Amino acid sequence: MCAKSFHYCSSKRSRRIYEYDSTDELNVINQTEITNSTQNLSDSSTISFTSIPAKLDPSQPIQDQLEYHPIGIIVKISWYTPNDKVVSDTFVWEYMVVLTIVV
């Protein structure tokens, strides 16, 4: 699945989405920032982005395209309080990936 969606409150100002690879360094292989200027946002809206697996070529073996295959995602949501203080929440999860290579 290439599109992800997350719910948010309208007072939020910044949503950053990072997808990372399977190396020990957990390199960020895709980064998306969504602001009120890039998507029209209001209460109970859903934000969407194109995940890096959208770049996978179905005619090529997956083992040759691991740079487009994240094992996890980080979502950081920041907003301002009425006192103009910045507050952030960060959500992290990993995918369990099982690749079967037939020889």
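This is a predicted model: local features need pLDDT of at least 70, side-chain atom pairs count only at pLDDT 80 or more; totals for chains, interfaces and linings use all residues.

Two strands are said to pair if DSSP finds at least two bridges between them. With that term in hand, select K76 in the viewer: its bridge partner in β6 is T90.

**The whole chain**

The protein contains 0 helices and 6 strands, and its pattern along the sequence reads β-β-β-β-β-β. Next, show the surface. The protein exposes about 7000 Å², of which carbon and sulfur atoms supply 51%. Of its 103 residues, 31% count as buried. Among the contacts between residues at least 6 apart in sequence, 49% join residues at least 24 apart.

Select residues 72-80, which form β5, and then residues 86-94, which form β6. In which direction do β5 and β6 run, parallel or antiparallel? They run antiparallel, and 9 bridges join them. Together β5 and β6 make a hairpin with 5 residues between them. Within that turn, select D84, whose phi is positive, at about 65 degrees.

**The loop between β4 and β5**

Move to the loop that links β4 (46-50) to β5 (72-80), and select L56, which lies in it. Is L56 buried or partly exposed? Its relative accessible area is 26%, so L56 is partly exposed, as buried would require a value under 20%. Leaving out residues up to four places away in sequence, L56 touches I62, Q65 and Y68. Select L66 as well: L56 and L66 are 10 residues apart in sequence, and their C-alpha atoms are 8.9 Å apart in space.

Now select Q65, which lies in the loop between β4 and β5. Q65 has a relative accessibility of 6% and therefore counts as buried. Beyond its neighbours within four places in sequence, Q65 is in contact with K55, L56, D57 and Q60.

**The loop between β2 and β3**

Select L26, found in the loop between β2 (12-20) and β3 (28-34). The phi of L26 is near 50 degrees, a positive value in a residue other than glycine. L26 has a relative accessible area of 41%, which means that it is partly exposed.

**The salt bridge**

Finally, select R16 and E33 and display their side chains. How many salt bridges does the structure hold? It holds 1 salt bridge. R16 forms a salt bridge with E33, and the closest N and O atoms are 3.4 Å apart. Because R16 lies in strand β2 and E33 in strand β3, the pair ties together parts that are 17 residues apart in sequence. R16 is partly exposed, with a relative accessible area of 27%, and E33 is also partly exposed, at 40%.

How values were computed:
Residues are numbered from 1 along each chain as its sequence is written. Side-chain values use heavy atoms; hydrogens and water are left out. Helices (H or I, at least four residues) and strands (E, at least two) are DSSP runs, numbered from the N terminus. Buried means under 20% relative accessible area, exposed over 50%, partly exposed in between (1.4 Å probe, protein chains only). Contact means heavy atoms within 4.5 Å. Accessible areas come from the Shrake-Rupley method with a 1.4 Å probe; for residues, only the protein chains shown count as cover. A salt bridge is a side-chain nitrogen of Lys or Arg within 4 Å of a carboxyl oxygen of Asp or Glu.
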